[in-house]
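These are my notebook entries on one protein model. I set down what I looked up, topic by topic.

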Amino acid sequence: METQKIVYNDKVVRQFIAASVVFGVVAMLVGATIALQMALWQTNLPPWLTFGRLRPLHTNAAIFAFVGNMLFAGVYHSTQRLLKVRLASDALSALHFWGWQAIIAAAAITLPLGLSQGKEYAELIWPIDLAVAVIWVVFAINFFWTLAKRNERHLYVAIWFYIATIVTITVLYVVNNLAIPVSLTQSYPVFAGVQDALVQWWYGHNAVAFFLTTPILGIMYYYLPKAAKRPVFSYRLSIVHFWGLVFLYIWAGPHHLLNSALPEWAQTLGMTFSLMLWAPSWGGMLNGLLTLRGAWDRLRQDPVLKFFAAGVTFYGMATFEGPLLSIRSVNALAHYTDWIIGHTHGGALGWNGFMAAGMFYWLVPKLYGTKLHSRGAANLHFYLGTVGILVYMVAMWSSGITQGLMWQAEAEGGGILYSFTETIDAIRPMYWARLVGGTMFLVGFCIQAWNLAMTIKGKQPVESSVDVVVEEKPEEATVKEIVLSKPVIATFVGCVLLGGVAIANAIVSVVLVVAATAVAVGATLAMQAAKGKREGPNWHRLLEGKTLIFTVFVTVAVLIGGAAELIPTILIGAHQRTTSAMRPYTALELHGRDVYIAEGCYVCHSQMIRPFTWENARYPGGVSSADDSVWDHPFQWGSKRTGPDLARESAMNRGPVWHYNHMLDPRSTSEGSIMPAYPHLRTQRVAFDLTRQKLSVMRMLGVPYAEAQVTGGEDDARAQAASIAGALASEVERRGPPDGTDVPLAESDLVALIAYLERLGRNESAWRGRDAEEGRTEVASNE
């Protein structure tokens with residue numbers, strides 16, 4: 001038989017590893033910086049280095065630069081070995097690497113400049129979004145082309161997870177970033193309000209699932225057995241793990257929107273499927289840990305196994321805590337608090353960070369044909385990282401529970417017991433503890449960077465190759481045989497029955513759920529009974545030989561959940577927009593909203609009053625409804641309350657003077673506030689020249705602006721700005737003009753932002769009636 005020598009393309013692997021290490025240091029350094037800013041507000045340096053602008057830089061650098069480069073390295077390295085073939089195209093591999101680094105550089109420039117879409121984990125402006133889409137397609141082509149050329153017909157479990165990642169991220173990124181450009185640096189998303197919230201957290205939750213979880217699970221299934229020199233514990237468990245995650249994860253996004261204006265049925269679906277995720281997630285964790293059976297004694301000497309074992313354990317902790325936080329009563333306490341920050345960092349640092357470290361320590365010496373420079377330094381990295389993560393998580397758990405309980409505390413005679421700044425004072429020590437924990441992890445990561453650099457110092461890369469026996473392609477099962485196999489038919493019937501629950505009444509729904517359960521149990525028993533009688537490979541083994549049909553099945557599993565949640569919500573939203581009495585933003589308020597987004601105010605302030613008595617006591621004006629944000633492109637419900645909720649800010653009756661002073665010197669109006677000052681807003685001009693384009697795009701998106709409002713928008717905006725500036729005249733005279741600016745107050749971003757803040761929560765017709773009946777009364781400061 002003929003043999004063929006395959007030389008692997010490890011150059012691109014080495015490049016992605018180097019980029020991941022460098023950007024990991026950057027991401028964590030920015031993280032430590034914003035942790036310091038939370039503990040010591042004076043370290044904010046406006047305009048570019050404030051918490052609101054750096055926090056998106058930190059999250060994007062950690063997700064797309066650090067973990068992104070790491071997963072590309074792992075995918076490219078393991079795929080070549082598993083398929084016994086070189087990457088399909090060296091040119092596409094190079095384009096992928098350099099294109100991705102260019103995207104990261106563009107993000108590093110634009111985000112501190114305030115160029116943001118205002119959507120968590122999706123802040124990048126539309127030209128960069130297009131670049132991400134192009135480079136992701138390059139990655140997909142290179143990957144699937146390599147699969148088509150493979151010399152190993154069987155697709156190992158790691159490849160399954162890589163396929164799911166590529167397919168699902170494509171769908172998520174495209175749908176969530178659908179937008180219409182206003183200018184080269186700004187766009188408005190096609191969805192608004194409730195619909196945009198659901199689409200965003202369908203993306204946001206599953207970006208974590210399919211960018212930070214599934215590809216790393218694929219890496220776990222390849223590198224953990226390699227390092228342990230043990231086979232994967234259970235092939236069958238890996239099948240359950242994979243299909244369970246792929247199908248269930250996509251439904252869970254609404255748990256980020258519990259107790260909000262999202263429809264009740266969507267919240268219930270999100271919570272239910274989140275709880276169901278416990279099973280496959282822990283199945284995967286146990287599969288990883290049990291793979292180490294017979295190798296536990298080596299953990300004492302081998303830092304690689306230490307990192308892998310701890311990383312898989314942190315995965316189990318994070319996937320236990322996530323469903324726990326999706327329970328309504330727990331979510332009512334934890335949402336908007338630092339508990340969520342502790343949860344996300346436990347996964348990002350413990351799971352992603354430690355799996356990356358294990359992979360780097362195992363892989364880099366092999367790529368250069370040498371040994372790791374210092375096992376002692378690697379062990380020091382492990383212990384520093386582990387203690388740092390635990391300090392960080394415990395600090396944030398303590399802070400979050402304290403926040404939640406203090407927000408809920410009500411005075412004996414009614415009303416709130418603690419002001420918002422009192423909660424900040426109570427948790428300030430935990431912010432310092434977080435900084436200590438994060439710094440420990442950063443120091444450990446820097447030790448890793450030094451250790452890897454010393455490992456490859458003076459060494460030449462090793463060319464890896466394999467001799468492959470060229471054989472005739474064996475006869476495989478047909479697509480028809482796979483599609484019409486009993487497990488696929490049983491799964492289809494079960495999905496149809498469960499899908500009927502969405503349109504059936506209560507009694508019929510129970511019957512359908514029982515029937516679906518019976519089908520699942522019956523199919524499982526039938527498969528177990530047939531296990532001993534089967535000749536040849538089982539149905540899933542046949543499926544693993546068919547890349548196209550396997551990918552189609554993954555795509556269908558992903559689309560079912562997305563379509564079931566998104567389509568009804570979008571249709572309901574379209575009807576709501578035709579009946580809403582909510583007045584759209586004025587031109588100046590729209591400009592102010594863009595300033596709010598550019599400054600990253602949404603990372604510290606929510607705009608969603610939940611249906612709890614303590615929230616109504618703290619925020620006058622009533623529970624938030626879907627109508628409140630019907631014209632919000634994008635929605636601004638937020639996910640964290642470092643500052644108070646702003647959904648009913650106009651009900652506070654603070655007035656323009658209060659907001660003017662608050663933005664220039666927050667401590668002058670709110671003693672104990674940790675908010676940075678924004679003096680640059682007084683010296684930045686409103687983009688009045690873009691008024692018509694902004695209103696035109698909004699009108700294109702269905703916001704009911706009349707033609708006269710669009711054409712006369714700039715004049716209206718200038719007139720409203722002049723009115724606000726007039727109300728501020730005496731205060732401006734008292735404070736004196738800012739140094740070094742010739743920008744009139746009426747043309748400043750500060751006035752536009754004040755107009756927006758004064759509008760929040762105000763349905764004009766309803767408020768006029770209320771004001772006429774009751775008159776305006778001053779409300780005590782919520783800060």
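**Entry 1**

I began with Ile17 and listed its contacts, setting aside residues up to four places away in sequence: Ala73, Phe360, Leu363, Val364 and Leu367. I note that the model is a predicted one.

I then looked up the largest nonpolar core, which has 212 residues. Ile17 is among the members that touch the most others, together with Trp100, Phe211, Phe242 and Leu588. Helix α2, residues 51–83, gives this core its largest share, namely 16 residues. Apart from this core I found another, of five residues, including Val330, Leu333, Ala334 and Trp339.

**Entry 2: The whole protein**

I recorded 31 helices and four strands in the protein. Of its 783 residues, 58% are buried. I also looked up the contacts with a separation of 6 or more: residues 24 or more positions apart account for 83% of them.

**Entry 3: A nonpolar surface patch**

Which residues make the nonpolar surface patch of about 510 Å²? I listed Leu45, Trp48, Leu49, Ile109 and Leu113. Leu45 sits in the loop between α1 (11–39) and α2.

**Entry 4: Aromatic pairs**

I noted a count of 46 aromatic pairs. I examined one of them, formed by Tyr315 and Trp351: the distance is 4.7 Å centre to centre, the angle between the planes is 35°, and the pair is classed as tilted. Tyr315 belongs to helix α11 (residues 303–325) and Trp351 to helix α13 (residues 338–367). The two residues are 36 residues apart, and I recorded the pair as a link between distant parts of the chain. Are Tyr315 and Trp351 buried or exposed? Both Tyr315 and Trp351 are buried.

**Entry 5: Glu615**

I located Glu615 in helix α22, which covers residues 613–618. Why does Glu615 count as buried? Its relative accessibility is 2%, and the class of buried residues takes values under 20%, so Glu615 belongs there. I then looked up its contacts, leaving aside neighbours within four places in sequence: Glu615 is in contact with Met608, Ile609, Arg610 and Arg641.

Conventions:
Residues are numbered from 1 along each chain as its sequence is written. This is a predicted model: local features need pLDDT of at least 70, side-chain atom pairs count only at pLDDT 80 or more; totals for chains, interfaces and linings use all residues. Side-chain values use heavy atoms; hydrogens and water are left out. A nonpolar core is a set of buried Ala, Val, Leu, Ile, Met, Phe, Trp, Tyr and Cys residues joined through side-chain atoms within 4.5 Å. Buried means under 20% relative accessible area, exposed over 50%, partly exposed in between (1.4 Å probe, protein chains only). Contact means heavy atoms within 4.5 Å. Patches are made of residues with over 30% relative accessible area and no salt bridge: like charges are joined within 9 Å, nonpolar side chains (Val, Leu, Ile, Met, Phe, Trp, Tyr) within 5 Å. Accessible areas come from the Shrake-Rupley method with a 1.4 Å probe; for residues, only the protein chains shown count as cover. A salt bridge is a side-chain nitrogen of Lys or Arg within 4 Å of a carboxyl oxygen of Asp or Glu. Rings of Phe, Tyr and Trp (its six-membered ring) pair if their centres lie within 6.5 Å; planes under 30 degrees apart count as stacked, over 60 as edge-to-face and the rest as tilted.
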